[in-house]
Amino acid sequence: MAYSLGIDIGGTNIKAGVVDDKFNIIAQSKVKTNSEQGSAEVLKKIAEAGKLAIEESKIPLSEISWAGMGCPGTCNPETGLVEYSNNLKWENVPLQKTVAEALGIPAYIENDANAAALGEFYAGAAKGADSAVIITLGTGLGAGIIINGKLFSGSNYAGAEIGHTVLDPHGDPCTCGRKGCFETFCSATALVKYTKRAIEQHPDSLLAKTADEEGRISGRTAFNAARAGDKYGQEVVDNFIGYLACGLINTINIFQPDILCIGGGVSNEGENLLNPLKERIRQEVYSKNSSHNTEIALCSLGNRAGIIGAALLGRQHQ
């Protein structure tokens, strides 16, 4: 049995896990990122999370082949530097070298969305495909693209930023500096934003009552209200799915992957999200008359994808 360490670095938490060669997480740990303390402290936290997971696994360090790390931002696997991460406020941070020295094993780095995509490709919903696009609807809109079994990240390792393609140049400002990005319409953050707007406009609606009963406005609020028959909740859901379909159709028209998988918290809506989305895509995608159309599916690994995918990075780089 072979083992590797996967570390999923987030803005709030750092999660690490020891993964076997059948893609099972046999032990894991979680520590707070505390990015406001600066990169040096976060690097210590990353190494700490890795050591804790290894200790919990009871696997000797000599049997762990490498550590792989998925990190937000532009990660250069050749230099080992995180060249830029707006979430962590990092520039040219030596993630790979620092953690390799701290743990005493080889280390590899990759963008976190790319790492999660690798997990789905090897062990999740995209297993068996030759090419795949994995979209994650979370705080932002992350994406990973795999072509002929290899991660695609562009000539400068900043590729696959599908979330920062524009759906409406007159739309809301995006954190990247543009307006109307895919992310501003279809991230979980965007869904909450549009739900709040609808509640402000219709404070006596069932949508507003649903939010009060739930105690907060989340990505599920509009879907829950729509299921209860609220027309304003349904409007939010329909607009969200419409923009999501538009962005995914653009993506399919460019890459024509074997499969496109959707993950993140919003994907927990399951068939309520997937069925109307598939119908919109079927009607509008350029390849509608093709003998081989892109399969649309939900990701299956959930929050395990980041750890499993990071643990697979050594396999990709070797």
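Good morning. I begin with the exposed side of helix α1, where Lys-44, Glu-55 and Glu-56 are exposed. Please bear in mind that what we are viewing is a predicted model.

Helix α1 itself covers residues 39-57, 19 residues in all. From first C-alpha to last, α1 reaches 27 Å, close to the 27 Å expected at 1.5 Å a residue.

Which residues of α1 are buried? They are Val-42, Leu-43, Ile-46, Ala-47, Ala-49, Gly-50, Ala-53, Ile-54 and Ser-57. Viewed down the axis of α1, these buried residues fall within an arc of 150°, and therefore they line one face of the helix.

What do the buried residues of α1 pack against? Their partners are the strands β1 (3-9), β2 (13-20), β3 (25-32), β4 (64-71) and β7 (90-93), together with helix α2 (95-103). Just after α1 comes Lys-58, which takes a positive phi of about 65°.

I turn now to the nonpolar cores. The largest contains 40 residues, of which Ile-135, Phe-240, Leu-244, Leu-248 and Ile-281 touch the most other members. Helix α8, residues 231-255, gives the most to this core, with nine residues. Apart from this core lies another, of 30 residues, including Ala-16, Leu-43, Ile-64 and Leu-103. Leu-43 is also among the buried residues of α1.

Finally, I return to Leu-244. If neighbours within four places in sequence are left aside, Leu-244 is in contact with Leu-137, Phe-182, Cys-186, Leu-273 and Leu-277. Thank you.

How values were computed. Residues numbered from 1 in each chain as written. Predicted model: local features only at pLDDT ≥ 70, side-chain atom pairs only at ≥ 80, totals over all residues. Heavy atoms only, no water. Core = buried A, V, L, I, M, F, W, Y, C linked by side-chain atoms within 4.5 Å. Buried < 20%, exposed > 50% of the residue type's maximum accessible area, 1.4 Å probe, protein only. Helix = DSSP H or I, 4+ residues; strand = E, 2+ residues; numbered from the N terminus. Contact = heavy atoms within 4.5 Å. Expected span 1.5 Å × (residues − 1). Arc of directions from axis to C-beta.
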